[in-house]
Amino acid sequence: NAGVTQTPKFQVLKTGQSMTLQCAQDMNHNSMYWYRQDPGMGLRLIYYSASEGTTDKGEVPNGYNVSRLNKREFSLRLESAAPSQTSVYFCASSEYYRGSMSNQPQHFGDGTRLSIL
Amino acid sequence: GQQVMQIPQYQHVQEGEDFTTYCNSSTTLSNIQWYKQRPGGHPVFLIQLVKSGEVKKQKRLTFQFGEAKKNSSLHITATQTTDVGTYFCAGTMEYGNKLVFGAGTILRVKS
């Protein structure tokens with residue numbers, strides 16, 4: 001099984017360009033997440049989807065939009081990229097158990113390394 | 001901002017020495033998880049603690065959850081070069097519904 005698959009792995013954009021990061025999981029998980037990782041900042045939650053059909057803002061949602069296309073897929077869109085969005089982006093998924101998604105292990109993809117010039 | 005503080009930010013040890021990273025929250029946590037990220041890799045789940053005072057071991061790794069459920073630690077005995085990476089704690093605030101990650105501790109091991 002592939003687990004969590006992210007595409008692309010690397011991307012360079014110019015300021016103002018738009019882009020969609022793709023994420024798919026094959027573990028039949030209900031919950032999916034998008035994080036960004038910057039040096040010294042750990043993992044910061046951008047958006048999450050507790051279950052198919054729902055999406056919610058995380059800690060740093062400004063400048064991003066998401067779509068939970070179906071149970072497997074959760075995409076992250078940058079409408080007008082800015083240099084401050086240069087980062088490594090991780091998608092993750094987890095099961096949803098007893099009304100909570102935060103008591104289950106999260107499974108991460110390999111990440112997308114995004115540079116914005 | 002970060003609600004889960006992790007220290008130290010960085011530690012460089014000689015192979016065979018012990019290593020400990022600490023995670024602290026100002027509010028009670030309902031659970032805490034630990035992840036390891038190898039250089040250039042993605043975070044990988046190690047363990048979850050949910051009970052006050054809980055201690056769990058995985059080979060040379062010992063994980064503890066404080067009695068007040070506001071702090072946790074990961075201790076590695078006799079580090080090896082394979083232990084290199086960043087260790088993250090992630091906690092759920094009591095009555096919350098999302099994991100909040102600490103900033104991580106970067107471990108480097110000199111052989």
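Predicted model: local features only at pLDDT ≥ 70, side-chain atom pairs only at ≥ 80, totals over all residues.
**Strands β1 and β3 of chain A**

Strand β1 of chain A spans residues 4-7 and has two faces: A:Val4 and A:Gln6 lie on the covered one, while A:Thr5 and A:Thr7 lie on the uncovered one. This strand pairs with β3(A), residues 19-25, in the antiparallel sense over four bridges. Within β3(A), A:Cys23 is the residue that stands opposite A:Gln6.

**A:Gln25**

Strand β3 of chain A also contains A:Gln25. Its relative accessible area is 1%, so A:Gln25 is buried. Residues up to four places away in sequence aside, A:Gln25 touches A:Gly3, A:Val4, A:Met32, A:Arg68, A:Lys71, A:Arg72 and A:Ser93. One of these, A:Val4, belongs to the covered face of β1(A). A:Gln25 and A:Arg77 are 52 residues apart in sequence, and their C-alpha atoms are 18 Å apart in space.

The side chain of A:Gln25 also reaches two backbone nitrogens, as listed here.

| Side chain | Backbone nitrogen | Distance |
|---|---|---|
| A:Gln25 | A:Met27 | 3.0 Å |
| A:Gln25 | A:Asn28 | 3.2 Å |

**A:Ser75**

A:Ser75 is part of strand β8 of chain A, residues 74-78. Because its relative accessibility is 8%, A:Ser75 counts as buried. Beyond its neighbours within four places in sequence, A:Ser75 is in contact with A:Thr20, A:Leu21, A:Gln22, A:Trp34, A:Asn65, A:Val66, A:Ser67 and A:Leu69.

**Interface of chain B and chain A**

In the contact between the two chains, 21 residues of chain B meet 20 residues of chain A. Together the chains bury about 1600 Å², and 52% of this lies on carbon and sulfur atoms. Of the area that chain B buries against chain A, 28% comes from B:His42, B:Lys98 and B:Phe101, more than from any other three residues.

Which strands of chain B each supply at least two residues of the side that touches chain A? They are β4 (29-37), β5 (43-49), β9 (85-93) and β10 (99-101). The most comes from β4(B), with four residues. By type, the residues on this side of chain B divide into seven nonpolar, 13 polar and one charged.

Between chain B and chain A there are eight residue pairs in polar contact, counting pairs with both residues at pLDDT 80 or more.

Definitions and conventions:
Residues numbered from 1 in each chain as written. Chains lettered and ligands numbered in written order. Heavy atoms only, no water. Buried < 20%, exposed > 50% of the residue type's maximum accessible area, 1.4 Å probe, protein only. Contact = heavy atoms within 4.5 Å. Pairing = 2+ DSSP bridges. Buried area = accessible area lost by both parts, 1.4 Å probe. Polar contact = N/O pair within 3.5 Å; in protein donor to acceptor, adjacent residues only side chain to side chain. Nonpolar A, V, L, I, M, F, W, Y, C, P; charged D, E, K, R; others polar.
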